[in-house]
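Me: I am new to this structure. Please take me through how to read its features.

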Amino acid sequence: ALEAGNYLLRYGDIKNAIERELVPAVEPVKVMGVDIARFGDDSSVAVVREGMGVVWLEKWAKTDLMHTTGKIIDLIERFKPDTVNLDIIGLGAGVYDRLIEQGYKINGVNVASEPQTQDKERKDRLANQRAEIYKRLADLFEQGDISIPDDLDLIAQLSGIKYKLNSRGQLQIESKEEMKKRGIKSPDMADALALCFMETPDYDVNIRWL
């Protein structure tokens, strides 16, 4: 059933990516993706990868932003990622500001902004940066270039993401609000994974991209 309808990721591709063995790079890049939540039903999630394989996935809920900031700092000090991609929409902005204030290099990502690719043809086919990072994630699954842990919540979230084409024919990913309306839990883990695997331009880390 999951192979039908406008689902972004095919279940078969997700299943094949579970604990897939990939040839490691000599010096694999380390990237952390973070999706922020506060109280409510949503969870904050951090995903760390080395090369194209996820090495750590952690989620926490019902904590204030200072606790979340401390949690992220602990993960940064433990894994020492080359890049940290953090969603700055809503409550993530406060965490971003505090991390920058403490001297950490963070790439603040506003997924509602325009795509960051320099390829104009590709850019014209994407509604926003959320579509851009999820399209890249879908390509990695389809091409067999990603390895993820055997986590049921992550698999369920990835399997449930839908897409549509807007009036301009651009790819648009279903929002968290739309997913909740049809009874699907917020895809916090999937969002953190997409942030973890996004292509990161050489931003000035002192600039907040809004």
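**Reading helices and strands**

Me: Which residues of helix H3 are buried?

Reply: Buried means under 20% relative accessible area, with over 50% exposed and partly exposed in between (1.4 Å probe, protein chains only). In helix H3 (residues 92–101), the buried residues are Gly92, Ala93, Val95, Tyr96 and Leu99. Seen down the axis of H3, these buried residues fall within an arc of 160 degrees, so they line one face of the helix; the arc is that of the directions from the helix axis to the C-beta atoms. This is a predicted model, in which local features need pLDDT of at least 70, side-chain atom pairs count only at pLDDT 80 or more, and totals for chains, interfaces and linings use all residues. Residues are numbered from 1 along each chain as its sequence is written, and side-chain values use heavy atoms, with hydrogens and water left out.

Me: What covers the buried residues of H3?

Reply: Contact means heavy atoms within 4.5 Å. The cover includes helix H2 (65–79), strand S4 (83–87) and strand S5 (107–109). Helices (H or I, at least four residues) and strands (E, at least two) are DSSP runs, numbered from the N terminus. After H3 comes glycine 103, with a positive phi near 95 degrees.

Me: How many bridges join S1 to S4, and in which sense do S1 and S2 pair?

Reply: Two strands pair if DSSP finds at least two bridges between them. S1 and S4 run parallel and are joined by four bridges; valine 34 stands opposite leucine 86 in S4. With strand S2 (residues 44–50), S1 pairs in the antiparallel sense over six bridges, and valine 31 has arginine 49 in S2 as its bridge partner. Strand S1 (residues 30–35) is mostly covered, with five of its six residues buried.

Me: At what angle do H5 and H8 pack?

Reply: Two packed helices are described by the angle between their axes and the distance between the axes. Axes are lines fitted to C-alpha atoms, for helices over the stretch in contact, and angles run from 0 to 180 degrees between N-to-C directions. Helix H5 (residues 129–143) and helix H8 (residues 188–196) pack at about 85 degrees, with axes 9 Å apart. That makes H5 roughly perpendicular to H8 (65 to 115 degrees; under 35 is roughly parallel, over 145 roughly antiparallel, the rest oblique).

Me: Which residues of H5 meet H8?

Reply: Arg130, Ile133, Tyr134, Leu137 and Phe141 in H5 meet residues of H8 including Asp191 and Leu193.
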